[in-house]
Amino acid sequence: MGLISWGMYPIIKNKKISLRDAKTLPTYINSTDEFIPYGNGRSYGDSALNENILYCKTYNNFLDFDVQNGILTCQAGVLLSEILDSVIKRGWFLKVTPGTKLITLGGAIASDVHGKNHHTQGCFSECVEEFTIMLSDGEIKSCKKGDELFHATCGGMGLTGVILTAKISLKKINSAFINQTTIKTKNLAETFEAFENYKDIPYSVAWIDCLAKNEEIGKCLLMVGDFADDGNLEYKSKKKLSIPFNFPSFALNSLSVKAFNWLYYAKAKDGISKQRVSIDTFFYPLDAIGEWNRIYGKNGFTQYQFILPKEQSFEGLKEILTKISDSGKGSFLAVLKLYGKANENYLSFPLEGYSLALDFKIEAGLFELLNTLDEVVLKHGGRIYLTKDVRVSKETFEKGYPKIEQFRDFRSKNYMDKKLNSLQSKRVKI
């Protein structure tokens, strides 16, 4: 078996070549029919899978750190966790970070990742000052905001070239701890009201009970927070507990999800409560569990993440949550987030509104349910996140991304479509 995605589906044979030297990379490109760059394997679907994979995590040197101004330059294979281990003690943090720190810098750019502060800070590309990339003809280009190559590469799923190095700007902090407020809501209306009441807090995320029914649909625990100001910059990554084997497929079912949801919701105090938590607890709770994807069993899982425009979000989410609850195929990882305005990048996922991310084990009837949810997402003007996707159709994809033709034309014009492809890009004909 070759490299797989975090969702462990699909399983394909592939040949891996590790990137260690930019000088020899053109030889690989010229001698390979087609390939896709691959970072640390944390994309959930098939966006970094192909028969030929360029493994980029090995290209991982720190190049320069302007500690006074918080400007960091690294090779693209450096993990966000490695960046944090170096910069937090010096009073800096990532301006934008997703829910895992175990991704490469190049992967963060290729997915144009977002986090709990999109409504205030936007996507990862906002903190990217410039990057270098090797194109499909072996040429290395330096790229900055405003360049068409920048807008195509950020969110471009590795389909424009091999990102080699990047210079990013960091956020100044004075603590390795977060002052968190938890708001417990009883239904979707209260959830939306809480998000709006706390929209000026820099970071926000909600766990939502996706199996709740009737008047309790949309009940959640909303966590909002900002960095403390106590001068304590002592930071150590949490020790991991690891899942040693794939769970049997029957272990995750509607009853176990209901039990988890009840316990998780019940443990929080009613109304509003306050906590002081570590960076890892607030931003990266799942990273504390090694190989947590094994919980879903040997057949793997997929994350269904969609976003809806703000004016359509309440009705759309209510309809989708009802369908999920009725199906019984619930997810104990159901994450709701508020987003700010979309950026100019061709394939970036966020738009102003709300997104919901749900993890489902691969089983009979799942893709039929997700096809039904696709229809609701499109009806309300939304789209699906490519970094998490493993099954969306070309038609659904195209309706959600209005700049897709510009991206296709750019790829074709620069002969990128001849060399850089993934299973996903072939499926949706990017």
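Two strands are counted as paired here if DSSP finds at least two bridges between them. In this predicted model, three strands form an open sheet in the order 1-3-2, with parallel pairing. Strand 1 (15-18) and strand 2 (36-38) lie at the edges and have a single partner strand each, so one side of each is left without a neighbour in the sheet. From one strand to the next, the twist averages 35°.

An open sheet of eight strands, in the order 14-10-12-11-17-18-16-19, is paired in the antiparallel sense. Its edges are strand 14 (272-278) and strand 19 (383-384), and because each has a single partner strand, one side of each is left without a neighbour in the sheet. Helix 6 (residues 188-197) packs on this sheet, where it touches strand 10 (177-184), strand 11 (203-208), strand 12 (220-227), strand 17 (334-339) and strand 18, and the direction of helix 6 makes about 45° with that of strand 17. Strand 18 (residues 353-361) also pairs with strand 16 (residues 301-309), antiparallel and over nine bridges; Ile307 stands opposite Ser355 of strand 18.

| Strand pair | Sense | Bridges |
|---|---|---|
| Strand 16 (residues 301-309) and strand 18 (residues 353-361) | antiparallel | nine bridges |

Notes:
Residues are numbered from 1 along each chain as its sequence is written. This is a predicted model: local features need pLDDT of at least 70, side-chain atom pairs count only at pLDDT 80 or more; totals for chains, interfaces and linings use all residues. Side-chain values use heavy atoms; hydrogens and water are left out. Helices (H or I, at least four residues) and strands (E, at least two) are DSSP runs, numbered from the N terminus. Contact means heavy atoms within 4.5 Å. Axes are lines fitted to C-alpha atoms, for helices over the stretch in contact, and angles run from 0 to 180 degrees between N-to-C directions.
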